[in-house]
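Here are my notes on the model, point by point. Please read them with the coordinates open.

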Amino acid sequence: MAFAIDAVRRALAARQVPDPSLRALLVDGLASIIQAAMRPSGGDAAFQALVLKAQSRTVQEHVRLAATAPADRKAVGAAVGAIAHPGKLASRPDDAMCAALAPLHRLACSGEWDALKRTAGRLLDQPLDAEDRLRLQALRQHAGLERLARGAALAASDAVARYQALCKQRGPLSGSSEAAARGAAAGHRGAATEARTVQALDAMAALLNREAPRGAHYRVVSRLLVPAGFPGSAERAKSEWDAAIVRQAAGAPAAEVVLLAEAKASPEAAAADLSRLLRGLQRLSLAPPADVFLFPSDGAAVRLTGESLRQLVPHEHSLPKQVIYCCDAPLEPSVPLLGAAARGALLAEPASVDFAVRLANHEAPVAERLHPVWTRLVEDAQLKWILHQDENARTTREAMLHPEDVLEAVAAAGQDG
């Protein structure tokens, strides 16, 4: 598949029609990947969840309701609080009515939506003042409460239970405490990589300052933001840059960009980021050479010359020499021929999911059913990035340095000097 994809890229770049034999390579390879992904043991849980969703209307409804559940819980909680919040009940003189209304708040907090709906209905049979009756009626008929109760009922179904089990295998469920903890850990790892990258660049700047001509000064700036009104489109382009070394001559009104660095926790993350980075560089290169731009940063804003920004122009999918990735992940034993993001995108194609559904229904696999994936890959601009997946992997890894290697190289250069 990786060979076929890259051969298609080269053919299209040469304005040629891809060889028809490549289609067989791609669809046969994709069929094999789908069959492996659907194995009960050792398969791809994320893909199996996607296939189960395509098969089951119950799961589809569950997914739709789960998407609105956070907002519904908030809205229903507000409706309950308006009539049964403990603080509100404490100020009411009618002890009997307080006791009747109190369960509403408990049921909402525990997520017992069907019981909350029934309790609100029973309370409407009690003697109520006009305001309480209106609020209870609004709660009883609340569309969000209907959706939450329906979602709770669906969660008890076998199909939804299987779907959630598959989702848990690929990682913590969205909104769960485990997902929050994992997100926080990823944030800490990313921040640590950025900090180590800045430390490595600081060492480089210190070494450069020892050799710099009189009056020139190198320094590191981090988290540079492209200023508002900068030329070009910001759509799908990187607008925040992790770190840069800039040089400013004595008396100069602005600094020049010497090195631009992006910190990534893994090589895969860098490859997935490359398209945005290239668009961001293309935009920076639109700066008029005689202009000066004020870039906000983590520290004081820095004034950069348009001329140095223009030097950051990429050449097709190649990075300029003064742009690097920094990554502190362990060394890869080998680079995957088909990246995880490209594999996932091809598996998510409707024809791939349909092929898998037929496998799940015990139909004989027919690779020709995957021909629409070939057509989309060759003709659809949305999948164009997949054609460059190998090229992107090579580009990012060739431009990638480990912060520790940079620090060791700087230390060695300092000793030699």
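**Notes on the model**

1. Gly 190 sits in helix α11 (residues 177-211). Helices (H or I, at least four residues) and strands (E, at least two) are DSSP runs, numbered from the N terminus. At 25% relative accessibility, Gly 190 counts as partly exposed. The cut-offs are under 20% relative accessible area for buried, over 50% for exposed, and partly exposed in between (1.4 Å probe, protein chains only). Gly 190 and Ala 381 are 191 residues apart along the chain, and their C-alpha atoms are separated by 31 Å.

2. On provenance: this is a predicted model, in which local features need pLDDT of at least 70, side-chain atom pairs count only at pLDDT 80 or more, and totals for chains, interfaces and linings use all residues. Residues are numbered from 1 along each chain as its sequence is written, and side-chain values use heavy atoms, with hydrogens and water left out.

3. Next, the sheet. Five strands form an open sheet with mixed pairing, in the order β1-β2-β3-β6-β7. Two strands pair if DSSP finds at least two bridges between them. At the edges are β1 (217-225) and β7 (400-401), each pairing on one side only. Strands β2 (residues 240-248) and β3 (residues 256-264) are antiparallel, with five bridges. Val 246 has Val 257 in β3 as its bridge partner.

4. What lies across the sheet? Helix α12 (residues 267-284) lies across β2, β3, β6 (323-327) and β7. The helix runs at about 155° to β6. Axes here are lines fitted to C-alpha atoms, for helices over the stretch in contact, and angles run from 0 to 180 degrees between N-to-C directions. Contact means heavy atoms within 4.5 Å.

5. Helix α12 also matters for the second largest pocket, supplying the largest share of its lining, four residues. The volume of that pocket is about 470 Å³. Of its 13 lining residues, the closest to the centre are Ser 275, Arg 279, His 317, Lys 384 and His 388. Both α12 and α17 (384-387) supply at least two lining residues each. A pocket is an open set of points on a 1 Å grid over the protein atoms alone, where a 1.4 Å probe fits, with protein on both sides within 12 Å along at least five of seven lines; lining residues have an atom within 4 Å of a point. Grid points are joined across faces, edges and corners, and the volume is the space filled by probe spheres set on the points.

6. Now the aromatic residues. The structure holds two aromatic pairs. Rings of Phe, Tyr and Trp (its six-membered ring) pair if their centres lie within 6.5 Å; planes under 30 degrees apart count as stacked, over 60 as edge-to-face and the rest as tilted. Phe 230 and Phe 293 make a tilted pair, 4.7 Å centre to centre with 50° between the planes. Phe 230 lies in the loop between β1 and β2 and Phe 293 in strand β4 (residues 292-295), so the pair ties together parts that are 63 residues apart in sequence. Both Phe 230 and Phe 293 are buried.

7. What is the geometry of the pair Phe 230 and Phe 295? The ring centres are 6.0 Å apart and the planes are at 70°, so the pair is edge-to-face. Phe 295 is also in β4, so this pair joins the β1-β2 loop to a part 65 residues apart in sequence. Relative accessible area is 4% for Phe 230, which is buried. Phe 295 is buried too, at 2%. Ring pairs link Phe 230, Phe 293 and Phe 295 into a cluster.

8. Strand β4 has a partner of its own. β4 and β5 (residues 302-305) pair in the antiparallel sense over four bridges. They form a hairpin with six residues between them. Phe 295 stands opposite Val 302 in β5.

9. Two backbone angles deserve a look. Most residues other than glycine have a negative phi. Arg 223, in strand β1, has a positive phi of about 50°. At 34% relative accessibility, Arg 223 is partly exposed. Arg 236, in the loop between β1 and β2, also has a positive phi, near 55°. Arg 236 is exposed, at 57% relative accessibility.

10. Finally, is Lys 117 buried or exposed? Its relative accessibility is 16%, so Lys 117 counts as buried. Lys 117 is found in helix α7 (residues 113-123). Leaving aside neighbours within four places in sequence, Lys 117 is in contact with Arg 140, Leu 145 and Glu 146.
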